[in-house]
Structures are given as C-alpha cells and as structure tokens.
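Hi there,

Here is the structure I promised to pass on. Please have it open while you read my notes.

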Amino acid sequence: MAATEAMTKMPWIGWLDLDTEFGPDGSLQVILRRPKPEHLNHNNHVNAPVIYGVAEVAGAGAAVIAAGAEGEGAYTVIRDATIKYSRPAHGGVSASAKLDEDCAELLRQELRAGRGYDVIVRVSLADAENTRTGTCDFTVSLRPPRELRVAD
C-alpha cells in the first residue's frame, strides 16, 4: 500500500476523522475539520493530545513522502517530539509539514544504502480559522525493512 493511501486507511486517522491534502511540492497538510466531543477539552478547545496526534500524522507523513520509493517497507517511528502551543485551537486544527529537498535527498541516499536515518520535521499548527496555534518538532526515524525470520 502506498504511503499516501495508508494515510487515509489507518484506524487512528479514521478515529480522528482527519482529512489529508498532499501538495505537488511534497508538502502535507493534515486537518481535523470535524472535531468530535471526545476531541475537545473542558474549555471546548481541541485537546492537547488530539493536537499532538494530528501533528504526528503530518510529521511522520512528511518524512515518508520525502523518502519516496526508497522508503517502501521502511519501519517508521517517532523517536522524540517537542510541541509548543501558542494559543488554543478553536473549531479544529491543521498540521502542515514538508522536508526541504536537501534533507529529503539525504534521507533517500541513506535508505538506498541500507541504513536508517533520523530526520527532524517541523510541523506548523493552525486552528479552523487558520490562526497559528503552535509548532511541533519531531525526530522521525526511518529504518530499512527487516527480514522476517522463520522459526526453525
């Protein structure tokens, strides 16, 4: 399954009810347009863990998109993250990310060589009115596919 197709089929993305928009330049925007009551906190703002989840989909997704065909089957995981909230998210939240081409090429080179690579992805956050609400920096680790071992 292509990475972009997987991003519309994952149960986590389905539960969040996210929309994904792929830019021709390799950018990715992940949007929570229809927040459910369980996505909101006691102040009726999008809850912090939900915002983090939306940002994580965008951060990991941008890395996978940048890896291209070299990332097919790669093991992708978030190694660490920092998030800085600058204001509450009202009515929904969007997360936008894109790796610059130099970083993307280095990622592809390392994967082609059979090595893994850790890439830092900056994600911009905004609310439903496109007001900036924060940023999140992820270290996304991509590792070559592991061979399956058959038990003797």
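First, some ground rules. This is a predicted model, in which local features need pLDDT of at least 70 and side-chain atom pairs count only at pLDDT 80 or more, while totals for chains, interfaces and linings use all residues. Residues are numbered from 1 along each chain as its sequence is written, and side-chain values use heavy atoms, with hydrogens and water left out.

Let's start inside. A nonpolar core here is a set of buried Ala, Val, Leu, Ile, Met, Phe, Trp, Tyr and Cys residues joined through side-chain atoms within 4.5 Å; buried means under 20% relative accessible area, exposed over 50%, and partly exposed in between (1.4 Å probe, protein chains only). The largest such core has 36 residues, and Leu18, Leu99, Val119, Val121, Val123, Val140 and Leu142 have the most contacts inside it. Among the elements giving it two or more residues are α3 (48–67), β4 (93–97) and β5 (117–127); α3 gives the most, with eleven residues. Helices (H or I, at least four residues) and strands (E, at least two) are DSSP runs, numbered from the N terminus. Val119, leaving aside neighbours within four places in sequence, is in contact (heavy atoms within 4.5 Å) with Ala63, Leu99, Cys103, Phe138, Thr139, Val140 and Leu142.

Next, β4. Four of its five residues are buried, so β4 is largely enclosed by the rest of the structure. Strands count as paired if DSSP finds at least two bridges between them. β4 pairs with β2 in the antiparallel sense over five bridges, and Ser94 in β4 stands opposite Ile31. Five bridges also join β4 to β5, again antiparallel, with Ser96 opposite Ser124 in β5.

The whole structure holds two aromatic pairs. Rings of Phe, Tyr and Trp (its six-membered ring) pair if their centres lie within 6.5 Å; planes under 30 degrees apart count as stacked, over 60 as edge-to-face and the rest as tilted. Trp12 and Trp15 form a stacked pair, 5.9 Å centre to centre with 20° between the planes. They are three residues apart in helix α2, and so separated by about one helical turn.

Finally, Asp17 sits in the loop between α2 and β1 (18–22) and is partly exposed, at 26% relative accessibility. Beyond its neighbours within four places in sequence, Asp17 is in contact with Ile31, Leu32, Arg34 and Lys36.

Best wishes
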